[in-house]
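Please view the sequence and the structure first, then turn to the points grouped below.

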Amino acid sequence: MSSTRFLTGITTSGTPHLGNYVGSIRPSVRASLRADVESFYFLADYHALIKIDEPERIQRSTLEIAASWLAAGLDPERVVFYRQSDVPEIPELTWLLTCVTSKGLLNRAHAYKAAVDQNTAAQEEPDAAVNAGLFMYPVLMAADILMFNAHKVPVGRDQVQHIEMARDIAQRFNHLYGDHLTLPEAEIEESVATLPGLDGRKMSKSYDNHIPLFAPREQLRKLIAGILTDSRAPGEPKDTEGSALFQIYQAFATPDETAALRQAYVDGISWADAKHLLFERIDLEIGPMREAYLALMNDPARIETILHSGAAKARQIAAPVMRELRQAVGLRDLRTQSGKAASTVKSALPVFKQYRESDGQFYFKLMDAQGRLLLQSVGFASPKVAGQTIAQLQTQGASALAELKDQLQWGLDVQAQDIADALQALLNAKTR
Ligand code: TRP
């Protein structure tokens with residue numbers, strides 16, 4: 001059961017618009033429904049602090065983006081859905097990565113370079129008004145991704161460099177400390193990265209050409225009426241090429257519906273009628289979600305609860321990884337011998353051992369990386385059943401413990417958390 005791990009985040013700096021929905025929210029919800037995919041979705045609120053110093057706006061945006069994701073159908077039971085700042089292991093990993101990242105690599109990051117170029121053009125100091133957070137942005141993002149050993153990161157084109165940097169940083173870490181981190185890959189949403197806005201340029205908050213995802217119906221109608229078109233009169237054939245209206249329609253419609261609008265363009269549909277079609281088509285998809293969205297916005301406590309349980313799930317994975325990485329870099333318990341510890345670092349994984357006793361029965365035990373007994377099974381009549389029980393623990397982790405409680409005995413002084421950590425470490429190692 002080795003599934004692919006998908007991970008993506010949205011910076012909590014604004015109100016989601018149709019471009020965010022088509023480019024990020026909708027594809028991530030769809031991917032989360034695939035059985036062969038394990039998904040991690042999070043609200044990148046630490047990233048938001050880099051460009052926003054208005055606390056109310058950060059809070060509001062976090063609520064809006066969480067509510068949007070949920071209203072769009074994200075099932076928090078199926079995925080790991082959390083807020084970045086609820087997982088302290090992420091900033092902890094950020095520091096370990098910072099110390100293996102060359103400053104030169106960060107000098108070359110697009111976002112930082114763009115700021116420097118702008119300053120230079122304005123004859124300012126190169127780093128004027130650039131905070132160190134902007135400079136470190138790629139490292140924090142690498143920590144987001146590497147923390148969960150994600151394989152695929154669905155992002156728009158503008159983020160591809162960041163994923164490549166995360167790979168570079170992971171490679172450098174692995175080179176220095178052993179093979180701990182998975183090298184992630186970008187998964188580019190070609191078709192959707194470019195939803196045009198009202199003026200035909202890419203829909204973006206910074207161009208002020210966007211349509212808020214959950215604008216009330218009447219406002220949605222008005223905004224759509226404002227989409228830039230050419231001046232062709234009703235009855236005149238119209239060009240789909242370069243028509244923002246057509247492209248937005250296409251992002252919502254089925255291929256048949258799109259073909260029908262293409263024909264209507266040829267037949268000279270009026271811009272007013274085309275806008276009406278677009279409005280109704282978008283509202284057909286978004287309308288029901290809007291209801292759910294409003295209900296969620298009115299119940300922040302519910303979202304807070306969902307995010308907390310998501311963070312608990314995330315930390316269950318992150319905590320053992322972080323323990324392993326601390327070991328690897330030398331942030332260690334002083335009672336362990338450095339020579340010995342060093343040799344166990346790379347293979348610091350718990351193990352299942354199967355054996356047969358003189359009573360003729362088949363047993364297994366789970367030992368932690370230091371050889372301490374964590375779990376001891378009862379005797380099984382066949383090796384097959386013993387093997388199946390191990391497999392159940394390997395695939396389900398700690399959640400299998402309750403069901404297997406009559407077949408298992410805990411080692412002396414062993415805490416539930418020790419067992420959960422060991423099983424999680426095995427799971428993490430497998431999904432790499
Ligand atoms: N930088 C991304 C953006 O602005 C958001 C983000 C933060 C992210 N951490 C991430 C995306 C990790 C993917 C993976 O769009």
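The structure is a predicted model. The mean pLDDT of the protein is 92, and 96% of its residues reach 70 or more. The domain assignment gives three parts: domain 1 (4-194 + 299-324), domain 2 (217-297) and domain 3 (338-431).

**Confidence**

- Over residues 341-345, pLDDT stays under 50.
- For this stretch, the model has eight contacts beyond four places in sequence.
- Where pLDDT is low, the predicted coordinates should not be read in detail.

**Domains 1 and 2**

- Taken over C-alpha atoms, the centres of domain 1 and domain 2 are separated by 32 Å.
- Contact between these two domains involves 17 residues of domain 1 and 12 residues of domain 2.

**Nonpolar cores**

- The largest nonpolar core has 55 residues, and those that touch the most other members are Tyr 21, Trp 69, Phe 81, Phe 252 and Ile 282.
- Among the elements that give two or more residues to this core are helix H1 (18-32), strand S2 (37-44), helix H3 (55-71), helix H10 (244-252) and helix H13 (300-329).
- The most is given by H12, with 10 residues.
- Because domain 1 (4-194 + 299-324) and domain 2 (217-297) both give residues to this core, it lies between them.
- Leaving out residues up to four places away in sequence, Phe 252 touches Leu 18, Tyr 21, Val 22, Arg 26, Arg 281, Ile 282, Glu 285 and Ile 286.

**Ligand site**

- There are 14 residues around the ligand, of which Thr 11, His 47, Tyr 137, Asp 144 and Gln 159 come nearest.
- In the side chain of Thr 11, an N or O atom is 3.1 Å from an oxygen atom of the ligand.
- Asp 144 places a polar side-chain atom 2.7 Å from a nitrogen atom of the ligand.
- The side chain of Gln 159 has an N or O atom 3.1 Å from a nitrogen atom of the ligand.

**Helix H4**

- Helix H4 (residues 89-98) is largely enclosed by the rest of the structure, because seven of its 10 residues are buried.
- The buried residues of H4 are Glu 89, Ile 90, Leu 93, Thr 94, Leu 96, Leu 97 and Thr 98.
- Their cover includes strand S3 (80-83), helix H7 (132-146), helix H8 (160-177) and H13.

- Thr 120 is found in helix H6 (residues 110-121).
- Thr 120 has 49% relative accessibility and therefore counts as partly exposed, as exposed residues are those over 50%.
- At 2.7 Å, the side chain of Thr 120 reaches the backbone oxygen of Val 116.
- Thr 240 lies in the loop between H9 and H10.
- Thr 240 has 18% relative accessibility and so counts as buried, the cut-off being under 20%.
- Apart from neighbours within four places in sequence, Thr 240 is in contact with Phe 246, Arg 262 and Tyr 265.

Key. Residues numbered from 1 in each chain as written. Predicted model: local features only at pLDDT ≥ 70, side-chain atom pairs only at ≥ 80, totals over all residues. Heavy atoms only, no water. pLDDT = per-residue confidence, 0-100. Contact = heavy atoms within 4.5 Å. Core = buried A, V, L, I, M, F, W, Y, C linked by side-chain atoms within 4.5 Å. Buried < 20%, exposed > 50% of the residue type's maximum accessible area, 1.4 Å probe, protein only. Helix = DSSP H or I, 4+ residues; strand = E, 2+ residues; numbered from the N terminus. Domains from an automatic or database assignment. Near = heavy atom within 4 Å. Polar contact = N/O pair within 3.5 Å; in protein donor to acceptor, adjacent residues only side chain to side chain.
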